[in-house]
Structure formats: structure tokens, C-alpha cells
Amino acid sequence: MTGALEVAAIRQRIRIPLRFADGYSATATVVSFTGLTDAQQHVAVELGQPAAAGLPLVRLHSECLTGDVFGSERCDCGPQLREAVERINKHGGYVLYLRQEGRGIGLYDKLDAYALQDRGLDTYDANLALGHRADERDYTSAAQMLHALGAKRIGLLSNNPDKGAQLARLGITIAKRIPTTLHLTGANAAYLATKARRGGHDLLSQSLERAAEPHRNAGPIAGPAHLGTEGHSLTSWSADMTGPVPG
């Protein structure tokens with residue numbers, strides 16, 4: 001399978017100290033690449049000791065300027081990135097920061113999609129109304145990056161089954177898929193429920209649908225509610241990273 005995948009190579013490795021707004025800090029090695037098929041400037045953020053982890057933990061994180069940088073509560077991207085950095089730093093692995101804003105449609109079109117969502121369309125129908133596919137992301141470059149890093153067998157930190165399916169077709173073995181915590185606010189409840197219902201995301205959808213209903217068309221609430229983490233294997237992942245992928 002990997003014979004058809006063009007080979008990418010590591011271009012540069014730079015150590016960078018990280019510090020988040022809540023005070024959490026970590027030291028990362030940021031890795032750049034040559035030979036990526038889409039010619040985008042994706043980077044891998046190496047955290048902890050991936051080589052010693054046995055099975056490195058990996059998060060494919062799509063760039064989100066509004067969520068990652070400005071803290072927008074219309075999505076859960078910023079909290080997911082913050083969570084991933086801490087969990088991966090403890091276990092050892094990589095955050096692949098992928099330059100594919102708005103599920104691949106770009107920043108300006110994502111903002112146009114927000115305007116359509118304000119008129120009643122959901123996140124997928126808004127993309128379709130703009131002439132895009134519901135999700136245009138392609139993870140070929142991510143697979144190239146993992147091959148270049150020597151991470152061909154991984155634990156995948158993701159709620160999105162499409163990420164694992166694409167990586168598997170590109171020669172990456174997903175030995176374990178671990179869902180992220182549910183980061184729910186009044187502003188993103190309907191968005192998250194739509195991802196669970198239409199996108200197949202593993203977001204504890206029954207609890208999410210009940211929680212989302214009072215907040216549809218509502219403004220932001222005071223702070224995030226981290227729902228449903230107990231009893232859903234979200235805290236025990238590091239004890240067994242060798243089991244089968246959940247069904």
C-alpha cells in the first residue's frame with residue numbers, strides 16, 4: 001500500500017517551549033517536511049518521548065484560526081488542541097498540525113459558512129451550499145509525515161472515524177483509537193450534535209443530543225462543560241495502547 005505513497009522527508013527539527021493561556025507548559029520539537037503531496041506547510045509537534053512510548057499517540061489536528069488562536073466557542077478545536085498536547089506529552093507522540101482550515105475549504109469560506117449557519121444551515125449543509133463537499137480534508141500528507149517520522153503503528157486520538165480510515169488505506173496501522181473529551185458550550189452544542197449525527201463522530205451522541213437541545217440558537221454559556229468522560233475509556237487509554245480499535 002505504501003508503494004504508491006510518495007516519500008516525504010524531514011526538513012528541520014526545532015525545539016520550542018510551549019505555554020498555554022491556562023498556564024500549562026511543555027517543551028516540543030516542531031518538525032517540518034519536504035515532499036508533501038499537497039505542498040502545504042504542515043508540521044508535526046513532537047511531545048514526550050515517542051520512541052519510548054512503544055505505541056506513539058497521534059492527533060491529526062486541522063488548523064482552526066478562530067478556535068485555536070482566538071478561542072472561538074463556535075467549535076471545539078481550541079480545547080481539543082490543548083487536551084491533545086497534554087495527553088500526548090504525558091504518553092509520547094505527535095500532534096500533526098494540518099493546514100486545512102474549515103474542513104479543507106479555507107478561512108474565508110469557513111467564515112461564509114458561519115454566516116449561512118447563522119441563517120439556519122448546519123455545518124455540513126453550509127459547506128455544500130458554498131459549492132464544497134461537506135468535508136474536503138485529505139490525510140495523504142499526514143500519512144507521509146508519519147512514515148517519515150517512523151510512526152507507522154499508532155494510537156489515534158480522534159473522534160472522527162474518517163481519519164483512521166484514510167490513514168489505514170495509506171499504510172498506517174491504527175492499533176487503538178482513543179476519543180477526545182467532549183468540550184461542550186452553549187455556542188457549539190448544535191455543531192457538535194451535527195458532527196455526531198451526520199459525520200459519525202464518536203461524541204457520546206445520546207448525552208450530547210440531550211445537552212444540545214436547550215442550547216440550539218442560544219448564545220455562549222459561562223464556560224465549557226466536559227461531559228461524559230467517566231465510563232467511556234477516556235481516562236484509561238494509557239494503560240492499554242495495544243488493544244483493538246473500538247467498533
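**Exercise 1.** Over the ring of which residue does the charged end of Arg74 sit?

*Solution.* The model is predicted: local features need pLDDT of at least 70, side-chain atom pairs count only at pLDDT 80 or more, and totals for chains, interfaces and linings use all residues. Residues are numbered from 1 along each chain as its sequence is written, and side-chain values use heavy atoms, with hydrogens and water left out.

Step 1. Apply the rule: a charge sits over a ring if NZ of Lys or CZ of Arg is within 6 Å of the ring centre and within 35 degrees of the ring normal.

Step 2. The charged end of Arg74 sits over the ring of Tyr114, 4.3 Å from its centre.

Step 3. Arg74 also forms a salt bridge (a side-chain nitrogen of Lys or Arg within 4 Å of a carboxyl oxygen of Asp or Glu) with Asp118, at 3.1 Å from N to O. Arg74 lies in the loop between helix 2 and helix 3 (77-91) and Asp118 in helix 5 (residues 107-118), so the bridge ties together parts 44 residues apart in sequence. Helices (H or I, at least four residues) and strands (E, at least two) are DSSP runs, numbered from the N terminus.

**Exercise 2.** Describe the surroundings of Arg82.

*Solution.* Step 1. The charged end of Arg82 sits over the ring of Phe20, 5.7 Å from its centre.

Step 1. Arg82 forms a salt bridge with Glu86, with the closest N and O atoms 2.8 Å apart. Both residues are in helix 3, separated by about one helical turn because they are 4 residues apart.

Step 2. Asp22, Arg82, Glu86 and Lys90 are linked in a network of salt bridges.

Step 3. Classify accessibility: buried means under 20% relative accessible area, exposed over 50%, partly exposed in between (1.4 Å probe, protein chains only). Arg82 counts as buried at 17%, whereas Glu86 is partly exposed at 23%.
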